Amino acid sequence: MLNMMSKFGYQQLPSWAHPQHPIMKNVMGHGRAQGWRVFVVRFLAWLLGMAIAVGLGYTIASRNNQDPSVREVLYWPLVAGQILAMVLGVALTANVVAVERQKQTWDSLKLSLTGVSLTLRARWISVYFRLWWLLAAITIGRLVYIAYFLQDMAAFQGRALDLYISGIDPEISLDGAVLLLTALLTAFILQPFIEVGLAAAIGVIVAVFTHTRSVVILGLLLLIGLRLAISISALVVGSTVFEASGGVTLDLYQMDSADAWYRLMLTSIEGDMGLKLLNLETLGQIWADVKNSVYIGGAVLVAVFVIGTIADILVRFSAWRATKPTSF
């Protein structure tokens, strides 16, 4: 079953991104196959890591609430995991050119027609293979959020969504609200993968434009610092519109619509990646307090696709730039 699923997944990727492709094998450094004992040990370590993260999340959530909800327990572990994934995405690609130079293969790659381009793209896509354990844990946590969100929608004998869209500005049909929530849920699942892809693409473009190992290290440290600063700043901005224990602040109603939209989008894209949004009661409060905010699900999905497009452009530009004789 797992073999069939993996084959189906690989079919969605270009041939050079398959683990069996020679370039990907070289990038991933595949040696002899690992035994089942190694797999079991790694799987148990993965489960232990998730258990520790959930335990820490419960400890943090218990400070504000003696009986925290599952969403409150998972919130900070997911935020930390998402930030860690983006930091690792940068770290795994910022030295790709330096690694090839150290292996003395960069010059030969530049002489081939597609060697540099395919190698950089393979290095970029390999980030997902290397971070599967972290992305899998994040996805499981976010699926739990979706399950509770669907449970919210089933409240009041299935009429919860009808009640929350009643009297909001602008008025919207139930079908329209369902479509917008579908867009929000789609963005919610895709977002960690897209953000990691962008982080890895930024690492690739930095690698292409740096020449020495010391500059690579300095650039990597600056990128990691910038990534942390952006995430923390977005979370701080989010605290001005979201309550720590759930719901929205009283100040949200008094904010200008543009300011409220800016804060909501910033924390949903660069802060907690929509974790606070995925609560129907919280969304209902936002819809009631902020004009046109019923469209926030569609706006987040558009933002996610824009980020993905930017990541793709950066990787393509890096591959094109690296083939130029003046690059190094």
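Helix α4 gives the most to the lining of the second largest pocket, with four residues. The model behind this report is predicted.

**The pocket**

The second largest pocket has a volume of about 510 Å³. Its lining is made up of 27 residues. Lying nearest the pocket's centre are Glu243, Ala244, Ser245, Gly246 and Lys276. By class, the lining of the second largest pocket divides as follows.

| Class | Residues in the lining |
|---|---|
| Nonpolar | 11 residues |
| Polar | 11 residues |

**Gly247**

Where does Gly247 lie? Gly247 sits in the loop between α12 and α13 (251-254). Is Gly247 buried or exposed? Its relative accessibility is 11%, so Gly247 counts as buried, the cut-off for buried being under 20%.

Leaving aside residues up to four places away in sequence, Gly247 touches Val241, Phe242, Thr282 and Gln285. Leu283 is 36 residues from Gly247 in sequence. In space, Gly247 and Leu283 are 8.3 Å apart, C-alpha to C-alpha.

**Confidence**

The mean pLDDT of the protein is 86. A value of 70 or more is reached by 85% of its residues. Among the elements, helix α8 (residues 132-153) has the highest mean pLDDT, 95. Helix α1 (residues 2-11) has the lowest, 54.

Conventions: Residues numbered from 1 in each chain as written. Predicted model: local features only at pLDDT ≥ 70, side-chain atom pairs only at ≥ 80, totals over all residues. Heavy atoms only, no water. pLDDT = per-residue confidence, 0-100. Helix = DSSP H or I, 4+ residues; strand = E, 2+ residues; numbered from the N terminus. 1 Å grid on protein atoms, 1.4 Å probe; cavity = no way out; pocket = protein on both sides within 12 Å on 5 of 7 lines; lining within 4 Å. Points joined across faces, edges and corners; volume = space filled by probe spheres on them. Nonpolar A, V, L, I, M, F, W, Y, C, P; charged D, E, K, R; others polar. Buried < 20%, exposed > 50% of the residue type's maximum accessible area, 1.4 Å probe, protein only. Contact = heavy atoms within 4.5 Å.
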